[in-house]
Amino acid sequence: METEYTKTFMMRIEDRFDIVGKGIVVTGLVAVGVVKVGEVVCITNPSGGIRLVKIKGIERFCEQLDSACAGSNVGIVLEGIKKAEISSGDLMYKISLK
């Protein structure tokens, strides 16, 4: 039996930074859905590796946000991952089982 799911948030990582005092920040355009501070999301790389990370913060043009929705170009502060474990083109998403 195949489990069906939908992506309730998806963003392709454009760049990543290690910022002193904040940690690992990834940037990109939210393509689908909404993500909120405190949520856990998946990051998948082209070779199929999957990591779970926690959203520690969301920023847009030096403004702190509680969430980001489709169409928003944002920086997302991550917890539980190192810069070397992320690359441009990786996909960040969360899923919901149907």
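Mentor: The radius of gyration is taken here over C-alpha atoms, and the globule rule is 2.2 Å times the number of residues to the power 0.38. Please keep in mind that this is a predicted model.

Trainee: What radius of gyration does the chain have, and what would a compact globule have?

Mentor: The chain has 13 Å, and a compact globule of 98 residues would have a value near 13 Å, so the two agree. Along the principal axes, the C-alpha atoms fill a box of roughly 45 × 25 × 20 Å.

Trainee: How many helices and strands are there?

Mentor: There are zero helices and nine strands.

Trainee: On to contacts: what share comes from residues 24 or more positions apart?

Mentor: Such pairs make up 61% of the contacts in the chain with a separation of 6 or more.

Trainee: And how much of the chain is buried?

Mentor: Of the 98 residues, 34% count as buried. The largest nonpolar core has 20 residues, and Ile76, Leu78 and Met92 touch the most other members.

Trainee: Which strands supply at least two residues of this core?

Mentor: They are β1 (5–12), β3 (23–36), β4 (40–44), β5 (50–60) and β8 (73–79). The most comes from β3, with four residues.

Trainee: What does Leu78 touch?

Mentor: Leaving aside residues up to four places away in sequence, Leu78 touches Ile24, Val26, Ile43, Val53, Lys54, Ile55, Lys56, Ile86 and Met92.

Trainee: Changing topic, how far apart are the mean positions of the positive and negative charges?

Mentor: The mean positions of the 13 positive and 12 negative charges are 1 Å apart.

Trainee: And what is the accessible surface of the chain?

Mentor: It comes to about 5900 Å², with 54% belonging to carbon and sulfur atoms.

How values were computed
Residues are numbered from 1 along each chain as its sequence is written. This is a predicted model: local features need pLDDT of at least 70, side-chain atom pairs count only at pLDDT 80 or more; totals for chains, interfaces and linings use all residues. Side-chain values use heavy atoms; hydrogens and water are left out. Buried means under 20% relative accessible area, exposed over 50%, partly exposed in between (1.4 Å probe, protein chains only). Contact means heavy atoms within 4.5 Å. Accessible areas come from the Shrake-Rupley method with a 1.4 Å probe; for residues, only the protein chains shown count as cover. Lys and Arg count as positive and Asp and Glu as negative; His and the chain ends are not counted. The place of a charge is taken as NZ of Lys, CZ of Arg, CG of Asp or CD of Glu. A nonpolar core is a set of buried Ala, Val, Leu, Ile, Met, Phe, Trp, Tyr and Cys residues joined through side-chain atoms within 4.5 Å.
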